[in-house]
Amino acid sequence: MSRWLFAIFLFRAAAFADVVQPLPFSHKPHLAVALRCADCHQNPDPGENVTFPATTKCMTCHVAIAKDKPSIQKLAEFAKAGRPIPWVRVNQIPGYVFFSHRVHLDASQKCQTCHAADAERAVLKMGECMDCHRQN
């Protein structure tokens, strides 16, 4: 990849650094109770994208867990209205890149390979992808 294109990719990622999401969310407490990525995130055919869970899926647990927290009450409002959480996109794959989650999952890659062991990193750098492909 040219340095110019790499710079554009990094600029796009940096532009999302201060995004405010509609709900605070951390994967850490969800991983602490042994939830697996696939418990919430589906990979429907043809497999390029992994989905965000429906608010009703979140509420299967949060109807009882942390239900008095303001953020969970807001989540419950989305679920009751049948609306998805309007997450603000924090990454953008460049148009010249084809990416498929299914290809990586079929190659026995774990979500944490790209999304970090603590699952807090939302934006990947293209160099990380390129380094992994060179090594593997």
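## Aromatic contacts

Phenylalanine 25 counts as partly exposed, at 45% relative accessibility. The model is predicted, and the values given here are computed from it. Tryptophan 87 is also partly exposed, its relative accessible area being 27%.

Two aromatic pairs are present in the structure. In one of them, the ring centres of phenylalanine 25 and tryptophan 87 are 6.4 Å apart and the ring planes stand at 70 degrees, so this pair is edge-to-face. Phenylalanine 25 sits in the loop between helix H1 (3-15) and helix H2 (28-32), while tryptophan 87 sits in the loop between helix H5 (70-80) and helix H6 (101-106); the pair therefore ties together parts that are 62 residues apart in sequence. One aromatic cluster is formed by Phe25, Phe52 and Trp87.

The number of disulfides in the structure is zero. A disulfide requires two cysteine sulfur atoms within 2.5 Å. For cysteine 37, the closest cysteine sulfur belongs to cysteine 111 and is 3.7 Å away, which is too far for a bond. For cysteine 132, the closest cysteine sulfur is that of cysteine 114, at 6.1 Å, again too far for a bond.

Definitions and conventions: Residues are numbered from 1 along each chain as its sequence is written. This is a predicted model: local features need pLDDT of at least 70, side-chain atom pairs count only at pLDDT 80 or more; totals for chains, interfaces and linings use all residues. Side-chain values use heavy atoms; hydrogens and water are left out. Rings of Phe, Tyr and Trp (its six-membered ring) pair if their centres lie within 6.5 Å; planes under 30 degrees apart count as stacked, over 60 as edge-to-face and the rest as tilted. Helices (H or I, at least four residues) and strands (E, at least two) are DSSP runs, numbered from the N terminus. Buried means under 20% relative accessible area, exposed over 50%, partly exposed in between (1.4 Å probe, protein chains only).
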